Structure formats: structure tokens, C-alpha cells
Amino acid sequence: MLNTLSTAKPENPIDKVESAPLKETYSRADPSASGPVYTCPMHPEVRQNKPGACPKCGMALEPVQSGTKAAAEGDGNTELTDMERRFWIGGALTLPVFLLAMAHLIPPLARQVWIMGDVSRWLQFGLTTPVVVWAGWPFFQRGWRSILTWNLNMFTLISMGVSAAYLFSAVAMLMPGLFPVTMAHGGKVAIYFEAAAVIIVLVLLGQVLELRARSRTGSAIKALLHLAPPTARQVSPDGDNVVPLEQVKVGDWLRVVPGDKVPVDGAVVEGRSSVEESMITGEAIPVEKSVGDKVTGGTVNGSGSFVMRADRVGKDTLLGRIVDMVAEAQRSRAPIQGLADKVAKIFVPTVVGISILTFVLWFWLGPDPRLAHAIVNAVAVLIIACPCALGLATPMSIMVGVGRGAQEGVLVKSAEALERLEKVTTLVIDKTGTLTEAKPKLTDILPVDGFDAKEFLLLAASLEQNSEHPLATAIVKGAKESGAALEKVEAFQSVTAGGVTGTVRGRKVIVGKLDFLKQEKIMGLEAMAASAEKLQAEGKTAMYVAVDGRPAGILAVADPMKASTPDAIKGLHALGLKIVMLTGDNRKTADAVAGKLGLDDVVAGIDPAGKADYVKKLRAEGRYVAMAGDGINDAPALSAAEVGIAMGTGTDVAMESAGITLVKGDLGGIAKAIHLSHATMRNIRQNLVFAFLYNALGIPLAAGALYPFFGWLLSPIIAGAAMSLSSVSVISNALRLRKVAI
């Protein structure tokens, strides 16, 4: 019971602390024994307990977010800090190398003898060496590891290209006699130290920009985490203690003062207030809370004060579960990523092959100096090819899209669900709790002649108090409000999608559907049919009651329609969806509801197994089906659909069975989810097209395809800049989803 105080405390400490002093204890909670987990945005199957580089693609691993701020704000920037340091130092050393190499193009410098002689060459060698050996060391490490494990990636190409340019230049400096005389211009073999150094610096710049951009993809999770307060006021016999949120345990009593955020999920045990729950409902109007009412962590208390019992803490709170669901979805793979994965497997070997072919053709057919041209163009091919952009195209869009959905109360369980939602043509929806408030009320009490209305209601409500069905709850609540004192039930039995039976005051009572009572051999029900049909035509659910083997009357229950439902249905129709309602209600009640809303089809009197079978039938007809529901009885149908959509106000079972959960329990969230799906998939396709076109055009240019026609060659430096910017462009395009309207 929500209003039952924890038995873990022998006495109520609240009685002792009305004027107790406030203590502050900000000691940090013990870290988890398992510690943080790091994973790769391109390969989520890679997981380890420390920062590092992905063994498959070489990218920096990111911390897997969990329901704590420490996980979101931990040491995830170590890689960024290191890359920034290498970039600034490497850039400072590279600038003079670049100026010295380009000095012959600057008239005042070109006339300086030392700049064009050995002094300049040795300065370039001396300054480039630390740039390549120290600033570029992470790239060589990752490149070498990729060769050892045969997971060839962008760092394979970078390390090969830079090594070729640097080693060629170093040998030309230290052992010029190894080269043929034809390669010497002015008695000197050409060197390309500036290419090696600038490429390293440009790749470092690309890594810095990429890491910064990637950090912004987690902004949605960080925003969610900041909804929870950092501390809580723990009630104890000695006074209130302000403790870190991580130290709150199930069963603790916590005081929430005016203006504070509710720290965890629980129930009010003393006091009353109004709580603003827009985080869950989307409504800014505060909700009154008194003893026994549930409160949710992250919601904002109003002007009152209350003491609550902590029922769910940490990852078990609604907010913690939302954060974990979003983080898990961001790491999941969409089916469309399979295309990029297949291409990536053959991409690097193909690029290496093209580079070798470029070298051979230039050395065989190119103009003098042939070897120099062959090396420069082969290096340009290696550098410009960037499989990273191709690999990032899908996961970056998924990460940002899932985060954007979370901000709007659309929780995506997996990237596959988001991709499938784009293709949905038919939406199947449950009535109770999806179209309606799931708060049915007893509206009509119609006993037959010979039965007193109060006794009739007492017998039916006493029987229904043992049932968990929402309609039963409405009958029991209505009886209690009328002042009835419910009786004990014996021999209680419940038949799914039928009704209930039992003995009350020694009399056998049956409550349920017409067919159920007929199965129980109750005769003479036809006399009540007209009254039942009239109630059903008004959208009410009529339940027949029999006492001692003969008809006793009808109870009618109505479940109010959600205020947002009519507009939501119009919005879904505008998206071209066919909408079908499934309900266990009778045909007349179902038709009345469907008629008011303008639904395309309705199936009434259906049980949970029938709902799943109907979804399968629609799929067999070639329709792409999404199913929306909120109850345990909807779980089979949610699992049977291409996309299951659960109302966040429903049961945990429904949410576990669904691919998408609407936190606010609002049918309008489905339209938001579909808009999000379209925007995300469009963004992914844009990224993939860009990545494919970039490589399709860049590699031939780097190989010198335009040289025979226009005399154009692509410098390795330009290739390095283009390669670095390609990944940043893909991530920047994905980040546009943060502001997309859904």
C-alpha cells in the first residue's frame, strides 16, 4: 500500500525532527564495483572498463551513459584533451615547416639563399620529426594495431601515407645517393616534410573537431540527468541530513521543501503539496499530492512541504530508466547500417590497392620526376580516403535522433524500431488507456425488479474487489463513494475476457459479459438487452450481473476520452495512416467510440491472443503495422507488430514489449515519433550519400585522373584537409537533428 510506512523503522522519525537542525554531509558515495564502461560509437559491441581506442576502427571510446551524473560528466574528455595538446604543439612546429617549404612561392623569401638551401631542408627535417613521431604517435599505434588484427581502418591509411612521405624525405636527406640523378633538381632530391607534418596536424584538427561534436550528441542525456537534484534531505531522528543523491536507499524518508525537485520515485507519507509534473505529462499545471500519492524523481515541488518514502532509487527510477533506455538506443544499430558495414569491410583494402596502382602507373607512365610523382599521388590517395565518414553516417544520426526524441517524451528502445516506424502504413490501437484515460467511472446502476439498488451494487462490488480489471476498480470505487461496506468473497474465480464469479453473503454472484453469463447457464438475459444496447450506443461498457442463477441487472462504466485523442487521430490520418481500434468491449460500444473519432476500422470483443493474431493477419496482407497499447494484455500484440508503441502511463510489461515508449501517454506522441523517424532516416541517407560521393570523387582526383586533361594534381595536404573535414561534416549534419521540429 502506498500509504503504509516502511516497517524498517520502528518509530516515525518525523515526529522528532520538526525543529531539528539541518546537517550537511557531502561525502561521495562509493563507486560501483564494476566501474564505468566504454564503447565505440561505430562498433557498440566493443566494450571495456577503461578509456582507449576501438580495436576495429581506431576511434576514441566513449563512456556508456547510465543514470548518474558521474557517468555523464566523468573522464570522457581525456581523449579530447590529449588531442588538443598534440594539435597545438604540432601546429606550432608545423607552421615554420610549411612556410619554409612554400618560401619559393613568396618573392621576398625566394631570394634568400639559406631558405632555398640545406639550412632550410635540415630545419624542416628537425621540426617535422617530433610532429610525426610524437604528435602523430596515436595514429601510428592505431594503424599498426589495425594491421596486426586485420581490422583495416582510416588510421591504416593515415599511417601508411604519412610514413611514405616522411621516410621518402628522410632518406632523401640522409642518403641522397640512393636516388637516380634524374630525380635531383638543382642537385637536390625533392622532400615532402611539409606534407607529412601538415597531414598530421590536419588529422589532429579533425579529431579535435570530431570529438567536440561527438560530445554534443550526448547533450540530451546530460539534460535528462540534470533533471534530478544532486542531493536529498534525508530524515533521521537527529535532524535532516543533506546527502548526495547516490546515497539514498529504498525505504529512506526524504523531506521535500517548497521549490525543491523530488529526488527519487516514491510515495508521500506526510504533508501535502502540488507538484509540477511536466517532465512526465507535458502539462505545466501542478498536481495535488497528499498522503499515499506517488511522486516521481525530477518533478518540481510547489509551495507545500511533504515527507516521502523512497521506493525506487538510482537506475530504477522513472528518470533512470529513461536515461538507460535512451543510452542503449543510441548505441543500437539500424538495419540500414548494414550497407555501410559491408562497404567498410572492403573499403580500406580497395584503397590500398588503388594507391599501389596509382604508384605503378605514375612511375611507369608519368612525367619526370616519376618516382616523386608516384609517391606523392599514392600518398594523396591513402590520405583522402576516409572510411570514418562512412562508418559515422548512421550511428551519429541515431544518437542525435534518439536524444531529440527523449526531449519530446518519445523514448526509442532501438535504432531498428526508429527505422521501421518510417515504413508504417497501418496503426492498430487499443482503446482503454490509449484512446481513453484508463480511469473508468461507474455511471449507471440498473437492477431488475425484485433487487434493491444498494444491495445489487454491494453484491457486485464486493465480488469485483478481488479483480484487477480497470472496470472492476470503477465499480468498487463507485460503491465505496455511495457508502457501501464491502463484504468478504468466497470461491472467487476470474475468467480472462469473460467475467468473475464468487459467493457473497452466501449468494452466488456473477458479473461479466453477456456471453459469459450465457455460458454460466443464466437464462432470461434477453429482457435486459435493450437497456444494454442503449448504454453501449452512448459509448459505455455494460456489464451483466446475475445473483443465485437469475439476472439481477446491469452496471455501466464509461472511460472518458483523452482530450488530446481527437486531434491526435486527425494528425495521424494526415500522415496517411490507416487506424484500426482493437478492444475487448462489445461491438456497439466500440462502434460508438470509433464513430466519434472517425477511425478506419474497429474490431470488438477481442481477447489478448486475438489482438496478436489480428496484427499478424494484417502483416500477412502486406501491411506495415505499428501497435499502440498500454496494458499487460497488449504485450503480445506489441511484440507481434513491426513496431510496438507503449504508453508511458501503462504497465512495465507493455513498455518492455514495445520498441517505442511515449512518456506522456499521449496518442499525439505517435505523430511525433513518426516525424522523428522520417527526419532521422532522411539525415542518415544524406550522410551516406555524402560519404559515398566524397570517396567516389576524391579518390580519382587524388590519383591524378584530371592530370592528362587539365594538368591538375591534388596535394596530399589538401587531401588531408578534405579527409578531416569529411567526418566533421557528417557529424555536423547529424547535429542538425537536435533542432528538428517533430
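Hi everyone, let's start with a pair of residues: Thr39 stands opposite Arg47 in β3. Before I go on, please keep in mind that this is a predicted model.

So what surrounds that pair? Strand β2, residues 38-39, runs antiparallel to β3, and the two share 2 bridges. They belong to an open sheet of 3 strands, ordered β3-β2-β4, with antiparallel pairing. β3 (47-48) and β4 (62-63) are the edge strands, each pairing on one side only.

Next, the salt bridges. How many does the structure hold? There are 19. Let me walk you through a few of them.

Asp260 and Arg233 meet through their side chains at 3.4 Å, N to O. This pair links distant parts of the chain, 27 residues apart: Asp260 sits in the loop between β9 (253-256) and β10 (265-276), and Arg233 in strand β7, residues 231-234. Asp260 is partly exposed, at 26% relative accessible area, and Arg233 is partly exposed too, at 25%.

Then there is Arg507 with Asp548, whose closest N and O atoms are 3.0 Å apart. Arg507 lies in strand β20 (residues 507-512) and Asp548 in the loop between β21 and β22 (550-558), so this pair ties together parts 41 residues apart in sequence. Arg507 has 22% relative accessibility, which counts as partly exposed; for Asp548 the value is 42%, again partly exposed.

A further salt bridge joins the side chains of Arg623 and Glu621, at 3.6 Å, N to O. We also have a network, in which salt bridges with shared partners join Asp82, Arg85 and Arg86.

On to the helices. In α20, residues 587-597, which residues are buried? They are Thr589, Ala590, Ala592, Val593, Ala594 and Leu597. Their cover includes helices α18 (529-537) and α19 (565-574), along with strands β21 (541-547), β23 (578-582) and β24 (601-603).

Now for the surface. Ile356, Leu357, Val360, Leu361, Trp364 and Leu365 form a nonpolar patch there, with about 640 Å² of accessible area together. Ile356 belongs to helix α11, residues 337-365, and counts as exposed because its relative accessibility is 52%.

My last stop is Glu416, in helix α14 (residues 415-421). Leaving aside neighbours within four places in sequence, Glu416 is in contact with Arg333, Ala334 and Pro335. Its C-alpha atom is 8.7 Å from that of Ile336, 80 residues away along the chain. Glu416 is partly exposed, at 33% relative accessibility.

Conventions. Residues numbered from 1 in each chain as written. Predicted model: local features only at pLDDT ≥ 70, side-chain atom pairs only at ≥ 80, totals over all residues. Heavy atoms only, no water. Buried < 20%, exposed > 50% of the residue type's maximum accessible area, 1.4 Å probe, protein only. Helix = DSSP H or I, 4+ residues; strand = E, 2+ residues; numbered from the N terminus. Contact = heavy atoms within 4.5 Å. Pairing = 2+ DSSP bridges. Patch = residues over 30% accessible without salt bridge, like charges linked within 9 Å, V, L, I, M, F, W, Y side chains within 5 Å. Areas by Shrake-Rupley, 256 points an atom, 1.4 Å probe, with all protein chains shown as cover. Salt bridge = Lys/Arg side-chain N within 4 Å of Asp/Glu carboxyl O.
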